[in-house]
Amino acid sequence: MTADAAGQTDNDKRLRKVEAAVSASRIEADIRRLADFGTRHTLSETESDTRGIGAARRWIKSEFDRISADCGGCLDVIYVSDFIEGEPRIPERTEVVSVIAIQRGRLDPDRVVMMSGDIDSRVSDPMDGESDSPGANDNASGMAGVLEAARVLSQEEFAGTIVYAGLSGEEQGLFGGKIVAKHALDEGWRVKAVLNNDMIGNIEGIDGVIENSTSRVFSEGTRANETPEEARTRRFTGGEVDSPSRNLARYIDRLADEYIPNLDVIMIYRLDRFSRGGHHRPFNEVGIPGVRIMETHEHYDRQHQDLRSENGVQYGDVIEGVNFDYARKLTSLNVVTLANMAAAPPIPANVEVSGAVSPSTTLKWSHAEGKSAKNLAGYKVHWRLTDSPQWTNSIDVGAVSEFTLENIVIDNYFFGVSAIAKDGAQTPVVFPGPAGSFGE
């Protein structure tokens, strides 16, 4: 790994380039277009070319197709769908259709990072598929961010694959995410991160705060599919705050500090907002790391509301509630995260730590080999005090599969390993054992 006179690697330059390329005006145009479909409710019109979720998803596909044409056909654009029925919010047989665009990696095409937004919208009654439901912030903002990320990143090449996903059925029970998660597993994708963007455009909170310089990232603390034996191991070795999703959140936080001007990530140690849900959850439930990226200050009068005015208060999710510069900033955060992960080597696997009743701590991991690791420069070992929210100490250890930290007592710290590419791109930190594993 080499750096120029200013200390910047080739990866640093690429990340600054793609961050600067994100356009607020393009995001605004996409949000307005999505809001103009009237309603995008999962049970709404599917035959019209101008109204309903059918028209919205066909337009999203046409945008992905246009983006692909601009990069010489670099995206595979497909629908992923299944029929749902007998559910509280989908009682009758309904096809839930998501739109995804796949930008395949040149070295490791089965290793995937994904950015998602939601296509559907709703008003006060979750079963109302007829009333106007612009869903400008919830979640045209997230869907527009996905389209813009595809425009920017499709102009680059990466070692791993990036998937851009427009998911349906979120408001009716997270069905689009469940269907696409199953599709990913069936296709043999090794999904290392899902960045779920759900409401990234509002800066005016119900609490009266107006603020555009922070973003929340929600992440689960322990893996949802942890076995009883793995939980027992974690009880004695740690890992309650070191799931792959939590270390993905730390990774995003650090990238914001380095590459996104005037944006501080607030890591929320919770799967999602209190007693609420989002489309990263279905991925977490099948063992795929994922987080929710969103605004800090929500305005509940502008979510899941019929369009109306009562006692001088305006209700409804309309275009006037979206700040396009802020949506650009959060989209940029996704762009640099996707670019860094996709450019990085394979994430370290089979990480182990040892050192009980010893003055030193040893970490071991599988050294990546073959074409997928052609861009691998080496590894970095990390450690932090157990009450520290972020990794604070690290050392480059080279292209090895084992390293001992002399006179660092295992009882006093948490440890992890990351991989570094020849151009400087780096993976998230992997905590040892099943608690922190990103998989093979």
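**Exercise 1.** Which residues does Tyr164 touch, not counting residues up to four places away in sequence?

*Solution.* Note the basis: this is a predicted model, where local features need pLDDT of at least 70, side-chain atom pairs count only at pLDDT 80 or more, and totals for chains, interfaces and linings use all residues. Residues are numbered from 1 along each chain as its sequence is written, and side-chain values use heavy atoms, with hydrogens and water left out.
Step 1: take contact as heavy atoms within 4.5 Å.
Step 2: list the partners of Tyr164: Phe64, Leu75, Val99, Ile100, Ala101, Gln103, Met115, Val146, Ala149, Ala150, Leu153 and Ser154.

**Exercise 2.** Find which residues of the largest nonpolar core touch the most other members.

*Solution.* Step 1: a nonpolar core is a set of buried (under 20% relative accessible area, 1.4 Å probe, protein chains only) Ala, Val, Leu, Ile, Met, Phe, Trp, Tyr and Cys residues joined through side-chain atoms within 4.5 Å.
Step 2: among the 89 members, the answer is Ile31, Ile60, Phe64, Leu153, Tyr164 and Ile252.
Step 3: helix H9 (residues 324-343) gives the largest share, 12 residues.
Step 4: another core, of 21 residues, lies apart and includes Ile90 and Phe283.

**Exercise 3.** Describe the open sheet that contains S12.

*Solution.* Step 1: strands are DSSP E runs of at least two residues, and two strands pair if DSSP finds at least two bridges between them.
Step 2: the order is S11-S12-S15, with antiparallel pairing.
Step 3: S11 (349-354) and S15 (402-405) each have a single partner strand, so one side of each lacks a neighbour in the sheet.
Step 4: 4 bridges join S12 (residues 361-366) to S15. Leu363 stands opposite Phe403 in S15.

Note on methods:
Buried means under 20% relative accessible area, exposed over 50%, partly exposed in between (1.4 Å probe, protein chains only).
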